[in-house]
Amino acid sequence: MKLTKDDLKNPLNTKGINTNFWFLHLIQIHDSAFPTGTFSHSFGMETYMFDRTVDDKESVFEFCEMYLRHSIGATDAIIAKEAFYAAKDNDIDELLKLESICKSIKLATEARKSSSMLGRQFIRTVSQISEDKLVLKWQDKVKSKEIEGHYPLVYGIYAASLGIDIEIVVATYLYSAISALVQNAVRAVPIGQNAGVSNVYNLLPIIEEVTAEVLQKGLDDMNNNTIALEVAQMKHEFANARLFMS
């Protein structure tokens, strides 16, 4: 059966097509070859590399677990989830509120810039393959500089347009962030490919655990207890030499 253009664009269509199509596309947007630029960011980890706090397989694992539980899992992942639901309801006001919150919780300049850089690149890329009205509208807002386009927001908006279950959306969001961090540690510490594979594998149960927690949380449950990480991100801005932008 030949698929029409409309068939392929309809995430609810199951007639004559592989129902894994949109799940596979979700994997595609998290692939290391997808041009979001995550390979350029360490989100503060490079500062810990400088002082040798993060210098082997075990310390990379500890950093990633901390980042999962107390940083991205307590902030950005919740925002991405809330953006997903707001996009489902086409609630522009709520999305703008989330955009403002996302910016305000990032105290370090580099963290704010990284979030918006990743978001702008992501939505610029997906808008080339999407005809979803909200995705295209958000891209217009980013392009006109009406908003900064923080990554958790645009990720949640685009994921909502795919019609994928929210649990999968949150889990892959967390997995992508941690996978990118580990791969950056593989080449920057360095810890080696085998150590990187082992670390990601051992972090999977934690990703599952944090995903379950995120699904039960709302904006009032957000917190930022990673003060040392915030300081590390601020210090990174003034480092004499850097491999990463953040």
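**Stop one: a cluster of rings**

Start by selecting Phe34, Phe122, Tyr151, Tyr155, Tyr158 and Tyr173, which ring pairs link into a cluster. A pair here means Phe, Tyr or Trp rings (for Trp, the six-membered one) with centres within 6.5 Å. This is a predicted model, where local features need pLDDT of at least 70 and side-chain atom pairs 80 or more, while totals for chains, interfaces and linings use all residues. Numbering runs from 1 along each chain as its sequence is written, and side-chain values use heavy atoms, leaving out hydrogens and water.

The structure holds 12 aromatic pairs. Zoom in on one of them: phenylalanine 122 and tyrosine 155 sit 6.4 Å apart, centre to centre, with 45 degrees between the planes.

Phenylalanine 122 is in helix α7 (residues 109–126) and tyrosine 155 in helix α9 (residues 151–162), so their pairing ties together parts 33 residues apart in sequence. Helices are DSSP runs of H or I, at least four residues, numbered from the N terminus.

Buried or exposed, phenylalanine 122? Buried, at 0% relative accessibility, and tyrosine 155 is buried too, at 1%. Buried means under 20% relative accessible area with a 1.4 Å probe, counting protein chains only.

**Stop two: two helices**

Now select α10 (residues 166–188) and α11 (residues 193–215), whose axes come within 9 Å and cross at roughly 150 degrees. Axes are lines fitted to C-alpha atoms over the stretch in contact, with angles from 0 to 180 degrees between N-to-C directions. The two helices are therefore roughly antiparallel (over 145 degrees).

Notes
Rings of Phe, Tyr and Trp (its six-membered ring) pair if their centres lie within 6.5 Å; planes under 30 degrees apart count as stacked, over 60 as edge-to-face and the rest as tilted. Buried means under 20% relative accessible area, exposed over 50%, partly exposed in between (1.4 Å probe, protein chains only). Angles under 35 degrees count as roughly parallel, over 145 as roughly antiparallel, 65 to 115 as roughly perpendicular and the rest as oblique.
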